[in-house]
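Please read it alongside the sequence and the coordinates.

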Amino acid sequence: MKNKKELEELIKKGESESIEFKSSLSQISEIIQTISGFSNLGGGTIFIGVSDSGKILGCDIGKDTIEKLTNTINQHIEPRIHPEINIENINDKKIIIININESIDKPVLAFGKLYKRVGKSTLLASRHEFEKLVLEKHKEKIQFDNQICTDANFDDIDKDKVKKY
């Protein structure tokens, strides 16, 4: 985990492909979608209690807030991931910081859907992107004669052998 000075610098830089701000836990659906997006592409950090403009708003954090957040993430993310969740005090306000690593077990779905991170946005991925990730994951299990040779072109075909066949 970064120290407070480093966290403040990250917040000052604003949202990016790997940094997301959420003003409160009431945005839990968007938080879970962003976790999916970060898990599928490079990882990232979500700051809860920070406005889109980078203003520290803080969060109301009770004794079981983190446990409820963890359980909600586990209920709606498949396969299950285990992000690092911390509480930090910045400017006398508590914020929640969720660090998500890129998953080695992709695709990571939120609410049964695939999300990806594009710039500062978390977007629903297309069916084609979903299929591509699934095929990539299982490429060793697919028989070689069913695979597409993406590097081949017509010059690679031996016309004499085709005639003989």
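Of the 165 residues of the protein, 35% count as buried, where buried means under 20% relative accessible area with a 1.4 Å probe and protein chains only. The model is predicted, and local features need pLDDT of at least 70, side-chain atom pairs count only at pLDDT 80 or more, and totals for chains, interfaces and linings use all residues. Residues are numbered from 1 along each chain as its sequence is written, and side-chain values use heavy atoms, with hydrogens and water left out.

**Overall form**
- The radius of gyration of the protein is 21 Å, whereas a compact globule of 165 residues would have one near 15 Å, taken over C-alpha atoms and by the rule of 2.2 Å times the number of residues to the power 0.38.
- Along the principal axes, the C-alpha atoms fill a box of roughly 80 × 30 × 25 Å.

**Elements**
- The protein has 5 helices and 8 strands, which are DSSP runs numbered from the N terminus (helices H or I, at least four residues; strands E, at least two).

**Strand β5 and its partners**
- Strand β5 (residues 93–100) is largely enclosed by the rest of the structure, because 6 of its 8 residues are buried.
- Strand β4 (residues 84–90) runs antiparallel to β5, joined by 7 bridges, and two strands pair if DSSP finds at least two bridges between them.
- Ile87 stands opposite Ile96 in β5, and in the hairpin of β4 and β5, with 2 residues between the strands, Asn91 takes a positive phi near 55°.
- Strand β2 (residues 44–48) also pairs with β5 in the antiparallel sense, over 5 bridges, and Gly44 has Ile100 as its bridge partner in β5.

Terms used. Buried means under 20% relative accessible area, exposed over 50%, partly exposed in between (1.4 Å probe, protein chains only).
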